[in-house]
Amino acid sequence: LVCMDFIQALDACHAKSWAKWTGACNQVKVDLNMCLRKERIERTTKNREGAKERRQKTEQAWKEIREDE
């Protein structure tokens, strides 16, 4: 997991019981959220590109079927 360092840092911060209640972990959490957001955006972009390729293949197959008729 790409964000494992951020997850571990947040866990370590939360292990200090006072830190999570005083806001000392807020920046660590923001960093983790930004990392997870970046991963999600990359994943959705990749999925969108794959779907576009599959759609083009399907349209090409239908075009060939129509031409054969």
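Buried means under 20% relative accessible area, exposed over 50% and partly exposed in between, with a 1.4 Å probe and protein chains only. This is a predicted model, in which local features need pLDDT of at least 70 and side-chain atom pairs count only at pLDDT 80 or more, while totals for chains, interfaces and linings use all residues. Residues are numbered from 1 along each chain as its sequence is written, and side-chain values use heavy atoms, with hydrogens and water left out.

Q: Which residues of α3 are buried?
A: Helices are DSSP runs of H or I with at least four residues, numbered from the N terminus, and α3 covers residues 26-68. The buried residues of this helix are Leu32, Cys35, Glu39 and Gly50.

Q: Against which element do the buried residues of α3 pack?
A: Contact here means heavy atoms within 4.5 Å. Phe6, Ile7, Ala9 and Leu10 on one side meet Val28, Lys29, Asp31, Leu32 and Cys35 in α3. The element that the buried residues of α3 pack against is α1 (4-15).

Q: Are α1 and α3 roughly parallel or roughly antiparallel to each other?
A: Axes are lines fitted to C-alpha atoms over the stretch in contact, and angles run from 0 to 180 degrees between N-to-C directions. The two helices pack at about 155 degrees with their axes 9 Å apart, and angles under 35 degrees count as roughly parallel, over 145 as roughly antiparallel, 65 to 115 as roughly perpendicular and the rest as oblique. α1 and α3 are therefore roughly antiparallel.

Q: Why does Asn47 count as partly exposed?
A: Asn47 lies in helix α3. Asn47 counts as partly exposed because its relative accessibility is 48%.

Key. The expected span of a helix is 1.5 Å times one less than its number of residues.
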